[in-house]
Structure formats: C-alpha cells, structure tokens
Amino acid sequence: MFSKILFPTKFDEFTFPILKSLVCLKSAGLKDIVLLYVIDEDAIYLAKESGLPVDMEQIKSLANNKMQEFVNYLKSMGLAVKEKISFGNVVNEIIKEAQIENVSLVVTGRHKRHKIEELFIGSTTDGVIKKSPFSLLVVKYHTIKMIEGKPIEQFCLNLFRKILYATDWSEHSERAKGFLPFLYNAGAREVVILHVIEEKKKDNMEKLDSLKKEIEKIGFTVKSYLIHGKPYKEIIRMASEENATLILMGSHGKGFVKEILLGSVSQRVLEYSDRSVLLVK
Amino acid sequence: MEIFYIVGMITAGLFFGWTIGSHYTGAVMGTAYGAKILNIKSATLLIAIFALLGATFQSHGVIKTVGSGIIPMEYLTPFRAMIMMLNAALVTAVNTWLKLPISTAQLACFSIVGVGLAIDAPISWKHTMLPLAITWVGTPLVGCILGFIFTKTIGGVNAKKLETFKKFVLIIACCYASFTLGANNSGLAVSVLYGSGVLKSLLFAGFIGGVVVAIGALTWGRPLLEKVGLHIVQLEINSAIGAQLGQATTAYIAALLGYPTSMNQAIVGAIGGAGLARGVKYIQIKVVKEIVINWFVSLIVSGFTAYFLYKLFAWLLGAK
C-alpha cells in the first residue's frame, strides 16, 4: 500500500522534515518516491498580467536545483527517486502524474493559511481530495501552540507513533483499516479506535469490541471509544486528547450539495485538526 | 425601479473597484515583495493606505473624464450607468477564468462607449477618446523612457553603504506607485456614480473608490502577491527602484491630466527601460506584442459586451 508514493512539493521550508518522516515507511514497503513540482499556470498568468518579468527556464532550473537536495537524501536512504517538473493547473497535474506513475498514495503537506485565501482560492489539498481517486496522506507539519503566553512552533517528528482510527463501519472505513498492518510495520504501536454516533444503537459496542480484538492481533495496543456527538468535532477532540500523531479514516462524501455547503466529515477533520490525516479512498 | 438600478450600479461599481485593488497589487508592490524587502502583510497594508490617499485627493481628474467626458452627463441615467458598471464587473469576473489580457482602464472606458453607442449618445471621440488612446499608447513608451532615466540615475549612486538606503527608497517608490494606483485607477469604479449624480462630491467619490481599492488589496491582493512573488525574475535593486518610479511617474502624470491608464502596461515599459539602462533583457519582445493585442481585446470585449448587455436589459426591463 505504500510501495510507490507521489510527493508534490512547493519547496516550502517544511518539505524536508516531511520527507524525513516518510522514510520510516520503508519498513512498510516503500520503494519509490516520485517528487513532483508543478509550475502553477495561474501564478505565471498573474505575474505576466502584473507586468512583471517571468523566466520559465529560470523557474525550471531553480526547481531542479532545489530538488537535487531531496533526491540525494532519499537515495542515500536507499529509496528509488524520480523527479518531475510539469506546468499547468496544480491539482490536475498532481492527479495526472499520480495516474501516469500508478502510485498507491499521494502525500501533501499543509500549512496554515489566511482565512480569505480559504474563501477565494481553496487549497491544492482540498482540490486533490475532491478530484483524486487516490488515498492521501496530509501531513500537518506546522502547528503553533501558545504555551505560557508564547507561541511555540511544533513539528511532526514521529508521524506514525499513535494512530486514531475513526470508523463509521462503512466500506471506506474498512479499507482504511487495511492500512493498519502496514503502519505497524512502519513503527506504529498504538491505536485508538473511535466511533462517533449521533443515535444510540445496540450493536455498536459489540462491533467495537470485535474490531478492538482484530487490531490487537496485529500487535497494537488498542483503546476504543464510542462517543455521542458531531463526528468531525469528536474526532478532532479525541485525537488531541489522546495525543494521536495520525488520524486514519475513510473518505466519502455526503452528497454533492451538502458537501459544497458543509464539507464532508473527512474534509472538516482535515481542515480543523492539527494532526496529520491519512484519508483512504 | 430607479432605486433598483442605483443599488445595482453601486454594487457593480464597488465590485469593480475591489478587483482593481487586487488586480494591480503585483504591479505596484511586486518588486519590493519579490526582493523580500517587504513581507506580504506590510506590502498589502501600504498599498491600502497609499491607494486610499491617492484616490481621495488626486483621482478627481480621472473621475471627471470617465464620468462626464466620454458621453455627456445628461445621458447617464441610473439604468445606463448600472449597465456600464455591470459590464465592467462581469467582464472582470468572467476574465478570472478566461484569462484574457484586459486592462481595467480600457474596460471601464469602453463599457461607457459601448452603452453610448447603443443609446446613440454623442461620444467625445476627439476631446476624450483620442487623448485617452494617446495616453494608452504613450504609457509603456513614457514608462520605458522614465524607467531608463531613473535606473541610470540611481545606478550612478554606487556606494556599498547605501544598499540599506536603497531598499528604503524602493519601499518609497512602491508607496508612490500605490498612491498613483489610487489616483489613476480607483476613479474608474466611481466615475459613473459621479456622472449619474449619485455621488455629488468629487472628494467623497474619490474616497469611496479608495476604500474599495484598499479592501481589494487587503483581501484578494494578498494571495495574488504571494503567487506572483514566487515566480517573477528578481530585479536588482537599481532596476527595481528605477522601474517602479518610472511606472508611478508615468501613471501619475496621466492622472494629473485626468486620463486613466494601465499600471501593468506602465510597469512593463518601465522594467524594459530599466533593463536597457542596466544592459539586461528583463522584458521579451513578445510582451510588447501582448500589450498591443491587449488594447484590441479590451476594446472589442468591453465595447461589444456593453453594447449588447444594454440592448438585452433595455428589452427585458423596458428601461432606458
């Protein structure tokens, strides 16, 4: 499930830490990483429209130079690396390359953005989630916490330490469960199972117990919770309370109109949680 | 019904003004942001402040020319003024997807011409449109000459110690460009509001134009500048100062004469001039071709759409 991953980058300062945290997936089967830089056609249009000089060759050569640092590191860690630079709509190019390269997972980072940007532009990650048929690992590498009145930056160092697995018993949740043995191989040892219900049903506890036993068999230490409330809020709260490093969940929409208005549970978890999310399609 | 047209005109005009604020963010602050002399917050805040000042105090000539110089004021009913602004707003919005090279100054002026032709109003070809055309052709040329002169002058001052001072001068040049953005372009959004008598004071009209442009810069200008900054060729400091001063002075002279022009075309010319002064080819010849195409695309798109939009709404609503 992790044998070949696509890693689109914008060369943010946290790209390297994310790549470093992904290397542990080697023990879960990771062999190839495809690094992708998309020259955003919108940005080029805007720069030209603003009357400012643009040099495509310079942009490509700068991107190439920046990529070499990552390539050297990944190769030194024994991984096969392919570098690609393309031009176009960022989301479409990511999906296109993921299809061409036949990857099993797309990994993206996500940084805090301005509220207005959310409103007008929408993030690349949101676009990939909506359009892509691929599972997506979104690494939240930059969270700022106020500790004793001072803003402290925290970076995710051990991405797969403790996993919060949110299930709604759907087909997508089942597929997400399939990732757990691989995550175990990548070093994960603790799992918190969470099922959030809006109405009380009798068989939920039994289902949860049998799921707990099933995951324990892989080797994990498992806790399970059945909670009443709004699913996305409870998932975010529990991930934080349990200090999980990764939220694992299936991705499925709630119907076109509702999704546009509210966003699906997975989109909201992704938007508002400060934990990394592995979204399984 | 008239109140409906007035509300429509104000809404469309304000939206148009807001897009002006965001549209020109790169042109007035791109050099300083690209060179990492200013961060995005300070860059957009400075645009907002200086554009507001320029709009309030120096945009009166442009407001008069566009609001009453192209077609006589008595022809500007609230319905017609609404169509003009609606056209400007719609073309801008659609252009977000189509990405046609359209200058806001030409868009606003040809929206008025388009409706003017549809209502058989006397269009001031000789006294307003001809000087406007000369201004538009002259903008990149004068920008180029001034960019050359300013860059040569600044480049002559070569002491190492002055590097920090030069950074400061670049910020001032960008603030001057922002002031000019207010003076030259913000009036486009409120000109027909003044021409149709909805806004009676030039000072107040200028202030309103400035506020929407400032809001545009503070909201949409921010992500735009962020995107642009990552992809532009970084100019060396002398060229950056020379280009920005060349652009600002060109557009400022136009504003003092009362003629709106494109800040983007002014900076293209000025960067070309700066490049000539430093012996660097910043601007490719095909950009000049794009500017010429721009003039015709703006004319055709905005003029024709305004003409047909008026005919369509006049038929649908039975208004004049």
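Chain A has twelve helices and twelve strands, where helices (H or I, at least four residues) and strands (E, at least two) are DSSP runs numbered from the N terminus. This is a predicted model, in which local features need pLDDT of at least 70 and side-chain atom pairs count only at pLDDT 80 or more, while totals for chains, interfaces and linings use all residues. Residues are numbered from 1 along each chain as its sequence is written, and chains are lettered from A and ligands numbered from 1 in the order in which they are written.

Of the 281 residues of chain A, 39% count as buried, a residue being buried if 20 or more other C-beta atoms, placed from the backbone, lie within 10 Å of its own. Among contacts in chain A between residues at least 6 apart in sequence, 78% join residues at least 24 apart; two residues are in contact if their C-beta atoms, placed from the backbone, lie within 7 Å.

The contact between the chains takes 21 residues from chain A and 22 residues from chain B. The elements of chain A that give two or more residues to its side are tabulated here.

| Element of chain A | Residues |
|---|---|
| helix H2 | 41-49 |
| helix H3 | 56-76 |
| helix H5 | 115-120 |

The largest share of this side, seven residues, comes from H2(A). By class, the side of chain A that touches chain B divides into twelve nonpolar, four polar and five charged residues, with Ala, Val, Leu, Ile, Met, Phe, Trp, Tyr, Cys and Pro counted as nonpolar, Asp, Glu, Lys and Arg as charged, and the others, Gly among them, as polar.

Note on methods:
A residue is buried if 20 or more other C-beta atoms lie within 10 Å of its own, exposed if 12 or fewer, and partly exposed in between; C-beta atoms are placed from the backbone.
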